[in-house]
Amino acid sequence: MNIELMMLGGAGEIGANSCYLNIDGHGIIIDSGLHPRRRDSDALPHLELLDERAVDTFVLTHAHTDHLGGLPYIMKSLPHARMIATRPTRDLIEIMLRNTIKLLKIDDTAGLPSGALDYYVPAMLDKFSVVFESVLYNEPVKLTSDRAIYNGASGKSTSSSSINLTFHDAGHIIGSAGALFEAGGAAIMHTGDVQFSRQALLAGASLPRHHLDCLIIECTNGADEHPRSYDEEKVRLAEFINHIVNQNGSVMLPTFALGKTQEVLKVVSNLMNAGRIPKLPIYTGGMSKRISKIYDRYAHSVPRVEPGFQLTSIPLTYVKYETMMSAKFFNEPSIVVISSGMLNEGSPSYQLAQRWLGIRNFGIGVMGYQDSSTPGYALLHSERDVEFTMANKTVTRACELERFRFSAHAQRSELLDYIFETKPKHLFLVHGDPAATASMSAAVKANFPDMNVTIPGLGESHRFEI
Ligand SMILES: [Zn+2]
Ligand SMILES: [Zn+2]
């Protein structure tokens with residue numbers, strides 16, 4: 001069986017993630033991301049690299065913007081491709097792209113390929129999800145191709161390959177899936193973003209652990225093992241909240257709307273129910289309300305730590321962007337779980353920070369990864385009562401600050417365990433910065449010197465037989 005793999009984006013970084021996979025003539029694109037910051041030609045997948053390669057199927061592993069944000073570009077460029085995702089992922093497409101369209105309106109997009117944003121208009125929003133075939137976990141779908149195709153350097157050929165695609169729960173966010181392709185007795189797995197351990201809400205990945213011929217695996221946390229466990233972080237968060245509340249202050253937890261908000265709401269609610277922190281009012285806002293509804297819709301069909309648990313059972317107050325600057329949490333101790341996670345300019349968390357920073361008895365808990373260009377990064381590296389620049393504004397932080405890490409990505413040791421168990425003949429390390437992929441590559445080679453380990457660069461064509 002002839003395989004070709006080529007990264008169209010997100011090689012050596014977490015960016016416009018997109019991977020082209022050709023299995024015996026059947027062309028598949030896995031994910032189509034929008035880079036979180038860049039608005040030049042690297043903002044979207046490099047579809048021009050496909051040259052005249054066949055694209056029959058588009059597979060979406062989950063609905064985070066770095067995997068989904070380039071979907072309108074794919075749909076415009078490859079209208080004939082069959083589109084497949086899990087049901088929750090399909091339900092999230094419209095919400096997430098509505099937000100993407102809003103962001104792109106503010107950004108300077110002059111550096112993008114001409115026409116690339118033609119479908120990024122509100123009028124198209126209801127059309128994106130309807131073209132998707134939505135499937136359940138663990139139920140194989142047949143991908144077939146029997147038309148004449150032009151197969152790159154090997155010339156014209158006719159493919160009659162029969163390929164099964166099966167989604168497996170990746171435990172990262174609602175609907176996230178690892179994609180397993182099986183054809184002619186061979187198995188190829190793309191993990192998407194994966195979390196093997198349970199979080200507060202989701203139960204953790206259940207990817208197949210049999211032998212794989214080829215494995216494409218994410219490496220977000222590949223550089224080093226995080227020293228503290230999820231439970232230890234919970235203890236630290238409880239201490240921080242108690243400390244701020246004891247001085248009559250409120251705590252803001254800036255979080256990503258999809259995934260992190262729902263997990264952090266569950267963490268906070270668990271701490272309250274266990275009596276580890278007082279029962280305080282919890283506020284949230286932005287698009288997380290609609291996303292939480294989708295979490296609840298699949299409470300019984302997507303494995304979670306407490307089977308059937310619904311986020312609507314947590315008493316929450318939703319605040320509107322227009323009125324949040326005069327909300328009650330400025331007057332009474334409260335917890336505010338609000339997007340964006342990196343305090344991007346114009347987001348609710350950024351707006352609230354303008355006032356929050358100046359209140360000495362208040363606290364901000366930075367919850368996740370902060371890209372170096374973001375206001376969240378500047379805040380994280382700020383010193384109390386010392387001026388610093390946040391989104392081109394000079395500010396001073398009087399409030400308290402703490403960093404927490406509730407990762408939705410697998411730890412380095414879990415990634416290595418998965419590789420060592422499935423013993424792929426061909427291993428591709430993706431979705432990680434150079435330090436992460438290099439460190440993973442060295443660890444794998446030390447244990448399995450004969451394994452073909454590749455850190456694929458953008459546009460490099462990797463051809464092999466399995
Ligand atoms: Zn993700
Ligand atoms: Zn990702």
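A residue is called buried here if 20 or more other C-beta atoms lie within 10 Å of its own, exposed if 12 or fewer do, and partly exposed in between, with C-beta atoms placed from the backbone. By that rule strand β18 (residues 363-366) is buried on both faces: Gly363 and Gly365 point one way, Ile364 and Val366 the other way, and all are buried. Strands (E, at least two residues) and helices (H or I, at least four) are DSSP runs, numbered from the N terminus. This is a predicted model, in which local features need pLDDT of at least 70 and side-chain atom pairs count only at pLDDT 80 or more, while totals for chains, interfaces and linings use all residues. Residues are numbered from 1 along each chain as its sequence is written, and chains are lettered from A and ligands numbered from 1 in the order in which they are written.

The protein chain is divided into domain 1 (2-224 + 408-465) and domain 2 (230-403), with bounds that come from an automatic or database domain assignment. Taken over C-alpha atoms, the centres of the two domains are separated by 30 Å. The contact between them takes 22 residues from domain 1 and 23 residues from domain 2, where two residues are in contact if their C-beta atoms, placed from the backbone, lie within 7 Å. On the domain 1 side, the largest share, seven residues, comes from α3. By class that side has 14 nonpolar, four polar and four charged residues. In this classification Ala, Val, Leu, Ile, Met, Phe, Trp, Tyr, Cys and Pro count as nonpolar, Asp, Glu, Lys and Arg as charged, and the others, Gly among them, as polar.

Strand β18 belongs to an open sheet of six strands in the order β16-β15-β17-β14-β18-β21, with parallel pairing. Two strands pair if DSSP finds at least two bridges between them. The edge strands are β16 (317-319) and β21, each of which pairs on one side only. From one strand to the next the twist averages 25 degrees; axes are lines fitted to C-alpha atoms, for helices over the stretch in contact, and angles run from 0 to 180 degrees between N-to-C directions.

On one side of β18, two bridges join it in parallel to strand β14 (residues 251-254), with Val251 bridged to Gly363. β18 also pairs with strand β21 (residues 400-403), in the parallel sense over four bridges, and here Gly365 is bridged to Glu402.

The other sheet to consider is open and has seven strands in the order β6-β5-β4-β3-β2-β1-β24, with mixed pairing. β6 (132-135) and β24 (462-465) stand at the edges with a single partner strand each, so one side of each is left without a neighbour in the sheet. Neighbouring strands are turned by 25 degrees against each other on average, direction ignored. Strands β4 (residues 57-59) and β5 (residues 82-86) pair in the parallel sense over three bridges; Thr57 has Arg82 as its bridge partner in β5. Helix α3 (residues 87-106) packs on the sheet, touching β5 and β6, and its direction makes about 105 degrees with that of β5.

A nonpolar core is a set of buried Ala, Val, Leu, Ile, Met, Phe, Trp, Tyr and Cys residues joined through C-beta atoms within 7 Å. Of the 125 residues in the largest such core, Cys19, Val336 and Val337 touch the most other members. Leaving aside neighbours within four places in sequence, Val336 is in contact with Ser250, Met252, Leu253, Tyr283, Phe329 and Leu352.

Some backbone details remain. Most residues other than glycine have a negative phi, and most peptide bonds are trans. A cis peptide bond, with omega about 10 degrees, joins Ser339 and Ser340; Ser340 is in the loop between β17 and α8 (348-356). Asn248, in the loop between α5 and β14, has a positive phi near 65 degrees. Asn248 counts as exposed because it has 11 C-beta neighbours inside 10 Å.
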